[in-house]
Amino acid sequence: MDVLVNAAQWFINLFQAGAAVFIDWMTSIVPLVLMLLIAMNALIGLIGEDKVNKLAQRASGNVLLRYMVLPFVGAFMLGNPMVHSLGRFMPERYKPGYFASAAQFCHTSNGVFPHINPAEMFVWAGIAKGITDAGLMTGELAIRYLLVGLVLNFAGGWVTDLTVKWVSKQQGVTLSKTVALEAK
């Protein structure tokens, strides 16, 4: 009988823990992301979506801007997960590569800029603890992680680009290389 009672208690505790996480998110990350979305959409509204789309079109034509500069600036300014929202301004052909690069920037920039992805700070803290225990400086590690990340995240976006191109050709799918301007 105790086994059934303990199993039932474990089962309900699982959902209570999930509910606690949900409430925590509703009072922390969800309002933050909502405010960032509102701010980004207001800025786009002020500038004009057609101008933002044209700028994205020009930026997406340069592979360094597309997979090194834009994801880094987006991660720094918007953090995770909002950096991915900038992908909406990419042509369909480049969205997978942008997403790959932006997702990686949320991790490799965390040592220098912890606001980018605070939910992943435990990874950085664990690595930093080992570095500190070895008598080394975490600042040097953070800078190296950022610089190596810039190169590898760029490579990840570019390799994803090549993979998308290869799979698209193999599957007979054509993805647009231009940003679709919405009709008003």
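**Figure 1. The largest pocket of this predicted model has a volume of about 500 Å³.** A pocket is an open set of points on a 1 Å grid over the protein atoms alone, with protein on both sides within 12 Å along at least five of seven lines, and lining residues have an atom within 4 Å of a point. Grid points are joined across faces, edges and corners, and a volume is the space filled by probe spheres set on the points. Of the 19 lining residues, V52, L55, L70, L86 and F89 are the closest to the centre of the largest pocket. Helices α2 (29–47), α3 (49–60) and α4 (63–78) each contribute at least two residues to this lining, and α4 gives the most, with 6 residues. Helices are DSSP runs (H or I, at least four residues), numbered from the N terminus. By class, the lining comprises 17 nonpolar, 1 polar and 1 charged residues. Here Ala, Val, Leu, Ile, Met, Phe, Trp, Tyr, Cys and Pro count as nonpolar, Asp, Glu, Lys and Arg as charged, and the others, Gly among them, as polar.

**Figure 2. The second largest pocket holds about 230 Å³ of space.** Its lining consists of 16 residues, and those nearest the centre are I29, L32, N80, P118 and A119. Both α1 (2–26) and α2 supply at least two lining residues; the largest share, 4 residues, comes from α2. The lining of the second largest pocket has 10 nonpolar, 5 polar and 1 charged residues.

**Figure 3. A cis peptide bond joins N80 and P81.** The omega angle of this bond is about 15°. P81 belongs to the loop between α4 and α5. N80 is also one of the residues nearest the centre of the second largest pocket.

**Figure 4. Helices α4 and α5 pack at an angle of about 50°.** Their axes, lines fitted to C-alpha atoms over the stretch in contact, are 9 Å apart. Angles run from 0 to 180 degrees between N-to-C directions. The angle therefore makes α4 oblique to α5; under 35 degrees counts as roughly parallel, over 145 as roughly antiparallel, 65 to 115 as roughly perpendicular and the rest as oblique. The contact (heavy atoms within 4.5 Å) involves R66, Y67, M68, L70, P71, F72 and A75 of α4 and G97, Y98, S101, A102 and F105 of α5. These residues divide into 9 nonpolar, 2 polar and 1 charged.

**Figure 5. Helix α5 (residues 95–108) packs against helix α7 (residues 138–171) at an angle of about 160°.** The axes of α5 and α7 lie 8 Å apart, and the two helices are therefore roughly antiparallel to each other. Residues P96, G97, A100, S101, Q104, F105, H107 and T108 of α5 meet a set in α7 that includes Y145, L146, G149 and L150. The contact of α5 with α7 has 9 nonpolar, 10 polar and no charged residues.

**Notes on the model.** Residues are numbered from 1 along each chain as its sequence is written, and side-chain values use heavy atoms, with hydrogens and water left out. In this predicted model, local features need pLDDT of at least 70 and side-chain atom pairs count only at pLDDT 80 or more, while totals for chains, interfaces and linings use all residues.

Terms used
On a 1 Å grid over the protein atoms alone, a cavity is a set of points where a 1.4 Å probe fits but cannot get out, and a pocket is an open set with protein on both sides within 12 Å along at least five of seven lines; lining residues have an atom within 4 Å of a point.
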